[in-house]
Amino acid sequence: MQEIEFARAVWRLTEAIFELGVPSEPIRRMMVSRLYYAAYHVALLLLRNAGLTPPIDRSIHQWALNELRRRFVNTGRMSWAARNALRELRRLRNQADYRLDLRARERDVRRAMHLFRTFFDECHRILGVT
Amino acid sequence: MPRKKTNRKADVKKLVERLVKKEFGDYLLGVRFDGPYEEEDIDFDLLLKEEPNDYVERAERIYERLGKAGFYVLFSHDVWYELEEDEKQNWQSLWTPVNLEKPKAKTR
């Protein structure tokens, strides 16, 4: 599953960057953005595995959130917290990529990491990946 | 009835302000609107005094209500004690302070 491998690689990279010290602001923005997209690809994997075909347009992000709710949260297979984590991660990504006038803080990256783990760990469990 | 496109942003902001006051009440210090950037109607951030234990449930109710009104939004939050010193000094320029209306005392 390339989505899982990608997500793991992004996570390892994020941790490795912090081991070198507090990253510079452009790197912080990239970390938040990559964490969102890593989680987003895992969400699409989950939905494809459920037999769904994602739309090929910009509505795909909203579609993924809606379908996660319908197929996984409402059926008790995913927590509200996990789905909310993906949504909040997207909000942080928007801010990191579009609001250059607002400083991307270390806490934004830490929060993005926490949200990523909340979402990814549940997907991991649902997918039964080892 | 279809909403007038020109009023859409004003409508969603008004509804958001009402809902965040209702859900977060005394936890709420400020709101910052921005966007929309992609397909959402608006983005916003909340500044909270502290994070309530049931943050996710409260957030979900806001999303639910906005979704029923036909709006797609994204929001996140910051908590006062996590702010850096420069943000604490200038928080009112980064978030719009929220005035929570207290019930008016009855006059005789």
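Trainee: Which residues line the largest cavity?

Mentor: This is a predicted model, in which local features need pLDDT of at least 70 and side-chain atom pairs pLDDT 80 or more, while totals for chains, interfaces and linings use all residues. Residues are numbered from 1 along each chain, chains are lettered from A in the order written, and side-chain values use heavy atoms without hydrogens or water. On a 1 Å grid over the protein atoms alone, a cavity is a set of points where a 1.4 Å probe fits but cannot get out, and lining residues have an atom within 4 Å of a point. The lining consists of Arg29(A), Val32(A), Leu92(A), Gln95(A), Ala96(A), Arg99(A), Leu102(A), Arg103(A), Ala104(A) and Asp108(A).

Trainee: Which element gives the largest share of the lining of the largest cavity?

Mentor: Helices here are DSSP runs (H or I, at least four residues), numbered from the N terminus. Two or more lining residues come from each of helix H2 (25-49) and helix H4 (80-98) of chain A. The largest share, 3 residues, belongs to H4(A).

Trainee: Which residues are the closest to the centre of the largest pocket?

Mentor: A pocket is an open set of points with protein on both sides within 12 Å along at least five of seven lines. Of its 18 lining residues, the closest to the centre are Asn66(A), Arg83(A), Tyr63(B), Gly67(B) and Phe71(B).
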